[in-house]
Amino acid sequence: MRTKGLLMQKHSTVGTNLKKLEDRGCTIVHEVDAHTMSQHPLLSNKLFDRIVSNFPHAGFIHREHDTLQIRHHQKVVKGFLRNARCMLAANGEAHVTHKTAYPFSEGEIKKIAKEVGLRLVKEVCFNKWDYPGYDNKRGDGDRSNETFPVGECSTFKFANPSYAMVSHALLSISFEGSSLRSL
């Protein structure tokens with residue numbers, strides 16, 4: 001979880017990005033934990049058509065290929081998806097963009113989604129050039145304002161088992177600060 005002040009300090013473009021969202025009428029909520037977001041007082045009674053997390057990461061506890069590190073990443077994704085499932089509108093989807101090359105492929109995102117009761121709707125290759133203005137950032141540390149190579153990655157789109165797809169509202173989760181934006 002990050003405060004607005006800490007995000008502004010860690011990531012040079014946050015102020016500009018927040019202003020763009022505010023100018024579009026978005027509600028921005030800081031200090032939201034993706035593992036408990038479904039109980040957050042400002043979110044607990046809202047449903048979303050899209051809930052998005054790009055490159056969820058548990059932080060650097062062990063080396064990326066270490067089994068314990070992979071388990072930490074899985075725990076982050078599972079907590080996010082479990083909460084997202086409760087917050088999806090009838091036709092809603094939870095999207096997770098994640099690296100798919102080793103060791104990130106060991107995260108078994110599709111298996112985790114199934115465990116929390118979501119079904120895979122679609123997996124699409126992620127290309128950051130499809131999202132003009134998008135810059136991925138490291139979450140923390142001395143290099144937090146730097147991008148990282150995304151390499152091979154996909155966006156996994158999940159839905160509750162009996163629901164179809166429609167798009168109206170968006171909830172975006174950033175684990176680089178656990179900021180939450182409702183568009």
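Ala, Val, Leu, Ile, Met, Phe, Trp, Tyr, Cys and Pro count here as nonpolar, Asp, Glu, Lys and Arg as charged, and the others, Gly among them, as polar. By these classes, the lining of the largest cavity has three nonpolar, three polar and one charged residues. The model is predicted, with local features requiring pLDDT of at least 70 and side-chain atom pairs counted only at pLDDT 80 or more, while totals for chains, interfaces and linings use all residues. Residues are numbered from 1 along each chain as its sequence is written, and side-chain values use heavy atoms, with hydrogens and water left out.

**Cavity**

- A search of the whole structure finds one cavity of 30 Å³ or more, a cavity being a set of points, on a 1 Å grid over the protein atoms alone, where a 1.4 Å probe fits but cannot get out.
- The volume of the largest cavity is about 50 Å³, taken as the space filled by probe spheres set on the points, which are joined across faces, edges and corners.
- Its lining (residues with an atom within 4 Å of a point) consists of Glu64, Ile70, His73, His98, Pro103, Phe104 and Gly107.

**Nonpolar cores**

- A nonpolar core is a set of buried Ala, Val, Leu, Ile, Met, Phe, Trp, Tyr and Cys residues joined through side-chain atoms within 4.5 Å; buried means under 20% relative accessible area, exposed over 50%, and partly exposed in between (1.4 Å probe, protein chains only).
- The largest core has 22 residues, and those with the most contacts inside it are Met37, Ile51, Phe80, Leu81, Leu118 and Phe158.
- Two or more residues of this core come from each of β2 (48–54), α3 (67–87), β3 (88–99), α4 (109–115) and β5 (153–159), where helices (H or I, at least four residues) and strands (E, at least two) are DSSP runs numbered from the N terminus.
- The element that gives the most to this core is α3, with five residues.
- A second, separate core of six residues includes Leu7, Val14, Cys26 and Ile28.

**Strands β2 and β3**

- β2 and β3 run parallel and are joined by six bridges; strands pair if DSSP finds at least two bridges between them.
- Arg50 has Glu93, in β3, as its bridge partner.
- Ten of the twelve residues of β3 are buried.

**Positive phi in loops**

- Glu31, in the loop between β1 (27–29) and β2, has phi near 60° and is partly exposed, at 45% relative accessible area.
- Phe55, in the loop between β2 and α3, has phi near 55° and is buried, at 8% relative accessible area.

Notes
On a 1 Å grid over the protein atoms alone, a cavity is a set of points where a 1.4 Å probe fits but cannot get out, and a pocket is an open set with protein on both sides within 12 Å along at least five of seven lines; lining residues have an atom within 4 Å of a point.
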